[in-house]
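Please read the numbered points alongside the model.

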Amino acid sequence: MNKEITQTTGGQLSFEVFPPKKDDDFENVYALLNQLSLLHPAFISVTYGAGGSKSKKTVEIASYIQNTLHIPAIAHMTCVGSARSDIDQVIAALKEANVNQVLALRGDRPAWMDDAQYEGRAFAHASDLTRYLSEHTDFQIAGACYPEKHYEAVSFSEDIRHLKEKEEAGAKLLISQLFFENSSFYHFMEEARKAGITIPIHAGIMPITTAKQLGTTVTLSGSSVPKALSDLIATYGDHPEDMRKAGVDYAVRQIQDLQAHGFLDIHIYSMNKPKSTREIIEAVR
């Protein structure tokens, strides 16, 4: 039986990894996972392409984590470009692989989707996928949350209401989008608990180890960038190893502050970089 992702251990440290773009790089991913396993994470999540474009790779990697490394695996599942039959196929593949823990996401609109296809999609929101999985599987379901609100939400309070709907639909755990200012997370947590959201919420932390990474990350996540991080990029951005060390240090200080405020469940967006991830874990555990 899979260890439950919501099992508390007095503070969970977990990682996210992503499938390689090229099949030839798979051996590198397994080597990465072998290194990460030595850090004894509470679980490892595996990302998933929009419209299911990488679902087979996600299942394969999650299966290795779950069945070879014997670490709980959470397979990302996006629904924006998926029909119910597509989701059913992924469900069947995950069950066959003995992976029964998923992160239910809407995902970004694929480039091939026209307006009519987008408006008529089978699952309008992640909460709809969560409900479908809750009703048709025995999966343990995690969801995403946004400390600075989802970029499409009309307001922060509306976003919190939708998050409550996600819990009511069957989510048992929430993992936050990355953020760079802890004050944003503290405010979010206060409002989420006021709204009656009671499930565990893990803080998502991404170490920014290259200047290019920050630009890409902010574009995709909508996270705000504090002056301290901007200054760090300006100082070290042209010196790769110094930038890597400074980015690791920034993430470590973020996590230590979270821990000092009683938020002990941390999900690290590893960017498939075991050295930086190991340095962070050794500093905060």
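**Notes on a predicted model**

1. Ten of the 14 residues of helix α2 are buried, so this helix is largely enclosed by the rest of the structure. The buried residues of α2 are S55, K57, T58, V59, I61, A62, S63, Y64, I65 and Q66.

2. What surrounds the buried face of α2? Its buried residues pack against helices α1 and α3 (84-96), and against strands β2 (44-46), β3 (73-78) and β4 (101-105).

3. The geometry of α2 may be checked against expectation. The helix covers residues 55-68 and spans 19 Å from its first C-alpha to its last, close to the 20 Å expected at 1.5 Å a residue. Just after α2, H70 adopts a positive phi of about 60°.

4. The largest nonpolar core contains 64 residues, and those touching the most other members are L33, M77, L94, L133, F185, F188 and I201. Which helix gives the most to this core? Helix α1 (residues 26-37) does, with six residues. Another core, of 21 residues, lies apart from it; I74, A144, M206 and L232 are among its members. In soluble globular proteins, nonpolar side chains tend to be buried together.

5. Setting aside neighbours within four places in sequence, F188 is in contact with C145, Y146, P147, F156, I160, L163 and I201.

6. N182 is located in helix α7 (residues 182-194). Is this residue buried or exposed? Its relative accessibility is 9%, and N182 therefore counts as buried. When residues up to four places away in sequence are not counted, N182 touches Q254, D257 and L258. The C-alpha atoms of N182 and I255 are separated by 8.9 Å, although these two residues are 73 residues apart along the chain.

7. How many cavities of 30 Å³ or more does a search of the whole structure find? The search finds one. The largest cavity has a volume of about 40 Å³, and its lining consists of F180, M206, P207, I208, L229, G247, Y250, A251 and Q254. Helix α10 (residues 240-260) gives the most to this lining, with four residues. By class, the lining has seven nonpolar and two polar residues, and no charged residues.

Conventions. Residues numbered from 1 in each chain as written. Predicted model: local features only at pLDDT ≥ 70, side-chain atom pairs only at ≥ 80, totals over all residues. Heavy atoms only, no water. Core = buried A, V, L, I, M, F, W, Y, C linked by side-chain atoms within 4.5 Å. Buried < 20%, exposed > 50% of the residue type's maximum accessible area, 1.4 Å probe, protein only. Helix = DSSP H or I, 4+ residues; strand = E, 2+ residues; numbered from the N terminus. Contact = heavy atoms within 4.5 Å. Expected span 1.5 Å × (residues − 1). 1 Å grid on protein atoms, 1.4 Å probe; cavity = no way out; pocket = protein on both sides within 12 Å on 5 of 7 lines; lining within 4 Å. Points joined across faces, edges and corners; volume = space filled by probe spheres on them. Nonpolar A, V, L, I, M, F, W, Y, C, P; charged D, E, K, R; others polar.
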